[in-house]
Amino acid sequence: GTALDLLAFTAVVTALPAVAGVVIQPLMARLHGLLTPLLAISMALAVVGLLLGAGAVAAQSLTMTALACIVLGLSYGACQTCGLHEVMAASPPQALGHNTAIYQALTYLGYFTPLPIVLLSTYVPLVWILTGIALAAGATLAWLVVANLRIDASARIDANLRIKAAA
């Protein structure tokens, strides 16, 4: 590959997660009544995307890289939508705007994660880093499932009613 090929590939894999994230958000918004399973699916997509990314690095596969970008973009869009619905459900009406702004600002901090990953990769193989992050995402997924099993069903129904009323 030439430098132009590398530039074109970089442009594509930069756009893939953004497009995938935007594409999934309306679907997730329509399914918000199933919030608990959607949060788990969103995190599961993150685990799969990170493992695909680790596999892509190990195999030096451009195809796996593109696939990982799509899956991670789907995860981002799904997590973003689910998180916004959680903020809506947990926020009193007078604090909704403020809490949404804080949530959005904190989620955008994720765009800085490539920098520490690249810096760390000078000391630790990238496959290990991505696998470690996938394990952390898997642990988060497990915690999420267990925590949501403990949530009272009536509280979840009330939260979903407040989301519908705010929409």
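These are my notebook entries on what I looked up in the structure above.

**Before starting.** I am working with a predicted model, in which local features need pLDDT of at least 70 and side-chain atom pairs count only at pLDDT 80 or more, while totals for chains, interfaces and linings use all residues. I number residues from 1 along each chain as its sequence is written, and I keep in mind that side-chain values use heavy atoms, with hydrogens and water left out.

**Entry 1, the overall make-up.** I looked up the secondary structure and found 7 helices and 0 strands, where helices (H or I, at least four residues) and strands (E, at least two) are DSSP runs numbered from the N terminus. Read from the N terminus on, the elements run α-α-α-α-α-α-α. I then noted that 31% of the 167 residues are buried; buried means under 20% relative accessible area, exposed over 50%, and partly exposed in between, with a 1.4 Å probe and protein chains only. The protein exposes about 10000 Å², and carbon and sulfur atoms supply 77% of that area, as found by the Shrake-Rupley method with a 1.4 Å probe. Among contacts with a separation of 6 or more, 73% come from residues 24 or more positions apart, a contact being heavy atoms within 4.5 Å.

**Entry 2, helices H1 and H3.** Two packed helices are described by the angle between their axes and the distance between the axes. For helix H1 (residues 3-30) and helix H3 (residues 62-90) I wrote down an angle of about 35° and axes 7 Å apart; the axes are lines fitted to C-alpha atoms, for helices over the stretch in contact, and angles run from 0 to 180 degrees between N-to-C directions. By class, the contact of H1 with H3 has 15 nonpolar, 8 polar and no charged residues, with Ala, Val, Leu, Ile, Met, Phe, Trp, Tyr, Cys and Pro counted as nonpolar, Asp, Glu, Lys and Arg as charged, and the others, Gly among them, as polar. I also picked out threonine 14, which lies in helix H1 and is exposed, with a relative accessible area of 55%. Its C-alpha atom is 10.0 Å from that of isoleucine 70, which is 56 residues away along the chain.

I counted 2 aromatic pairs, where rings of Phe, Tyr and Trp (its six-membered ring) pair if their centres lie within 6.5 Å, and planes under 30 degrees apart count as stacked, over 60 as edge-to-face and the rest as tilted. Tyrosine 76 and tyrosine 111 form a tilted pair, at 6.0 Å centre to centre with 55° between the planes. This pair links distant parts of the chain, with tyrosine 76 in helix H3 and tyrosine 111 in the loop between helix H4 (96-108) and helix H5 (114-120), 35 residues apart. Tyr76, Tyr108 and Tyr111 form one aromatic cluster. For accessibility, I noted that tyrosine 76 is partly exposed at 28%, tyrosine 108 is partly exposed at 40%, and tyrosine 111 is exposed at 55%.

Leucine 67 has its place in helix H3 and is partly exposed at 42% relative accessibility. Glutamine 60 is found in the loop between helix H2 (35-59) and H3, and its phi is near 50°, a positive value in a residue other than glycine.
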